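Have the viewer open while you follow along.

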Amino acid sequence: MSNADEPGTRVTNPGTSQAGSQRPRAANRTGTAKAAGKSRARQTGLSTAAVLGFSAALITFVLDQATKLYTLFVYDLPVREPVELGPFVNLIVVWNRGISYGLFQQNSDLGRWVLVAVSILASIGLGVWIRRTTAKLLAVSLGLIVGGALGNVIDRIWHGAVFDFIQFHVGSWSWYVFNVADAAIVAGVVGLLYDSFVLEGRRAR
């Protein structure tokens, strides 16, 4: 009688044994890849959304300050104004002592520094939000607001007021005068609203 007939001796299927051994290996590879991804995330310290958000803030800030410095000191708009760019757009010089689009005008130094402090604190809070979110549009929208707010803060610190120079008008009726920072803040608010009312619901599903 052969050993296969002896009690307690099992004959295994080689194919089954190989498949069974492959499954743990595949699971181990998946776990290793996930662990490596988490390790890379810890090394960089920022999610993709956060990188996009802070990049948007930096680009907005640089673009805002570059256009202001060029318009004031290179193009010399205070001497050339008004400059007609099109049927509805002019370049003029307006010093805004309020927030974006001339709201909440402040004529005292106290009001000026209160706006500076509030803008900086708000930017810090939004920066923390950017750091924590994984939603890309939300992060970029927050970055636009932060970059615009800090761009206008620099104006208030150095000039005592925000330099606005882009005028939208229809005939003799002037709609408003703004700058790159103001436009970025509005775009950021629109992005926040879209994310809150449309994308947030989709992410929750």
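**Reading a helix pair**

Q: Before we start, what kind of model is this?
A: It's a predicted model.

Q: Which residues is Ser-141 in contact with, leaving aside neighbours within four places in sequence?
A: Gly-188, Gly-191 and Leu-192.

Q: How do helices H5 and H6 pack?
A: Start with the angle: over 145 degrees counts as roughly antiparallel. Here H5 (residues 136-159) and H6 (residues 180-204) pack at about 155 degrees, their axes 8 Å apart. H5 and H6 are therefore roughly antiparallel, and H5 passes H6 in a left-handed crossing.

Q: What classes of residue does the contact of H5 with H6 have?
A: Sort them by class and you get 14 nonpolar, 5 polar and 2 charged residues. On the H5 side, these include Leu-138, Gly-148 and Asn-152; on the H6 side, Ala-184, Tyr-194 and Asp-195 are among them.

Q: What makes up the largest nonpolar core?
A: It has 12 residues in all, including Ala-49, Leu-126, Leu-142 and Leu-192. Helices H2 (48-74), H4 (109-132) and H5 each supply at least two, and H5 gives the most, with 5.

Q: Where does Leu-192 make its contacts, leaving aside neighbours within four places in sequence?
A: Leu-192 is in contact with Leu-138, Ser-141, Leu-142 and Ile-145. There's also a second, separate core of 9 residues, which includes Leu-91 and Phe-163.

Notes
Residues are numbered from 1 along each chain as its sequence is written. This is a predicted model: local features need pLDDT of at least 70, side-chain atom pairs count only at pLDDT 80 or more; totals for chains, interfaces and linings use all residues. Side-chain values use heavy atoms; hydrogens and water are left out. Axes are lines fitted to C-alpha atoms, for helices over the stretch in contact, and angles run from 0 to 180 degrees between N-to-C directions. Helices (H or I, at least four residues) and strands (E, at least two) are DSSP runs, numbered from the N terminus. Angles under 35 degrees count as roughly parallel, over 145 as roughly antiparallel, 65 to 115 as roughly perpendicular and the rest as oblique. A crossing is left-handed if the near helix is turned anticlockwise from the far one by less than a right angle, and right-handed if clockwise. Contact means heavy atoms within 4.5 Å. Ala, Val, Leu, Ile, Met, Phe, Trp, Tyr, Cys and Pro count as nonpolar, Asp, Glu, Lys and Arg as charged, and the others, Gly among them, as polar. A nonpolar core is a set of buried Ala, Val, Leu, Ile, Met, Phe, Trp, Tyr and Cys residues joined through side-chain atoms within 4.5 Å. Buried means under 20% relative accessible area, exposed over 50%, partly exposed in between (1.4 Å probe, protein chains only).
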